[in-house]
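Let's take a friendly walk through this fold together.

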Amino acid sequence: MNGQWYDAEAGPLVRPYAMTGGRTKPGPHGVRFDLIALVAVDPEGGADETAESLLGPEHQALLGLCRSETQSVAELAADADLPVGVVRVLLGDLLEGGHVKVSRPVPPARLPDERILREVIEGLRAL
């Protein structure tokens, strides 16, 4: 008999609603995390190791993934093998606890026009 006591095809042992305590929205403020929002551990946050030790295993897994590098919400969901909705709720907890910081990528409409960038490159090459 191997050490695995469940059938891999049966699905997760803990249902998503149990991981989030039945919540479907992140935090009391209803913060919304876009799939491309970037999440990183907040080095200046108020959270310490004691506070982190009180977090659930899913919270700790997300923190571990964010420690190695800044990741998008979609990447975190894929790497943690959790539904995006669950990840959003868990990230809301981590954000409120001061464990992570979230930044939004620059929207495409606010990026410089490709034509302008090409002109800048040509101008630099002319120097």
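Q60 is partly exposed, with a relative accessible area of 37%; that value lies between the limits of 20% for buried and 50% for exposed. Please keep in mind that this is a predicted model. You will find Q60 in helix α3. Along the sequence Q60 is 34 residues from L94, yet in space the two are 9.4 Å apart, C-alpha to C-alpha.

What brings these two parts of the chain together? L94 is in the set of α5 residues, together with V87, L90, L91 and D93, that meets E58, H59, L62 and L63 in α3. Two packed helices are described by the angle between their axes and the distance between the axes. For α3 and α5, the axes come within 10 Å and cross at roughly 80°. The two helices are therefore roughly perpendicular to each other, as angles from 65 to 115 degrees are counted that way.

Now bring in α4. The axes of α4 and α5 come within 9 Å and cross at roughly 110°, which makes α4 roughly perpendicular to α5. On the α4 side the contact is made by V73, L76 and A77, and on the α5 side by V84, V87, R88 and L91. This crossing is right-handed.

The remaining pair of this trio is α3 and α4. Their axes are 10 Å apart and the helices pack at an angle of about 120°. α3 and α4 are therefore oblique to each other. Here L62, L65 and C66 of α3 touch L76, D79 and A80 of α4. The crossing of α3 past α4 is right-handed.

Several of those names come back when you look inside. The largest nonpolar core has 17 residues, and V39, L62, V73, L76, V87, L91 and L94 have the most contacts inside it. Helices α3 (57-68), α4 (73-80) and α5 (84-96) each supply at least two residues of this core. Which element gives the largest share of the core? That is α5, with five residues.

Leaving aside residues up to four places away in sequence, V39 touches C66, E69, T70, Q71, V73, L76, L91, V100, K101 and V102. One of these, Q71, is the bridge partner of V39 in β2, and that takes us to the sheet.

Three strands form an open sheet in the order β2-β1-β3, with antiparallel pairing. β2 (71-72) and β3 (100-103) stand at the edges with a single partner strand each, so one side of each has no neighbour in the sheet. Between β1 and β2 the antiparallel pairing runs over two bridges. Strand β1 (residues 38-41) pairs with β3 over four bridges, again in the antiparallel sense. To trace that pairing on screen, look for A40, whose bridge partner in β3 is K101, and then for V41, which stands opposite V100 in β3. In a regular strand the side chains alternate between the two faces of the sheet.

How do the helices meet the sheet? α5 lies across β1 and β3, and runs at about 115° to β3.

D81 is found in the loop between α4 and α5. Is D81 buried or exposed? D81 is exposed, with a relative accessible area of 68%. Its backbone is worth a look too: D81 has a positive phi of about 55° although it is not a glycine. Most residues other than glycine have a negative phi.

Finally, step back to see the whole chain. Its secondary structure comes to six helices and three strands, and read along the sequence these follow the pattern α-β-α-α-β-α-α-β-α. Of the 127 residues of the protein chain, 24% count as buried. Among contacts between residues at least 6 apart in sequence, 76% join residues at least 24 apart. The pair we started from, Q60 and L94, is separated by 34 residues in sequence.

Methods:
Residues are numbered from 1 along each chain as its sequence is written. This is a predicted model: local features need pLDDT of at least 70, side-chain atom pairs count only at pLDDT 80 or more; totals for chains, interfaces and linings use all residues. Side-chain values use heavy atoms; hydrogens and water are left out. A nonpolar core is a set of buried Ala, Val, Leu, Ile, Met, Phe, Trp, Tyr and Cys residues joined through side-chain atoms within 4.5 Å. Buried means under 20% relative accessible area, exposed over 50%, partly exposed in between (1.4 Å probe, protein chains only). Contact means heavy atoms within 4.5 Å. Two strands pair if DSSP finds at least two bridges between them. Axes are lines fitted to C-alpha atoms, for helices over the stretch in contact, and angles run from 0 to 180 degrees between N-to-C directions. Angles under 35 degrees count as roughly parallel, over 145 as roughly antiparallel, 65 to 115 as roughly perpendicular and the rest as oblique. A crossing is left-handed if the near helix is turned anticlockwise from the far one by less than a right angle, and right-handed if clockwise.
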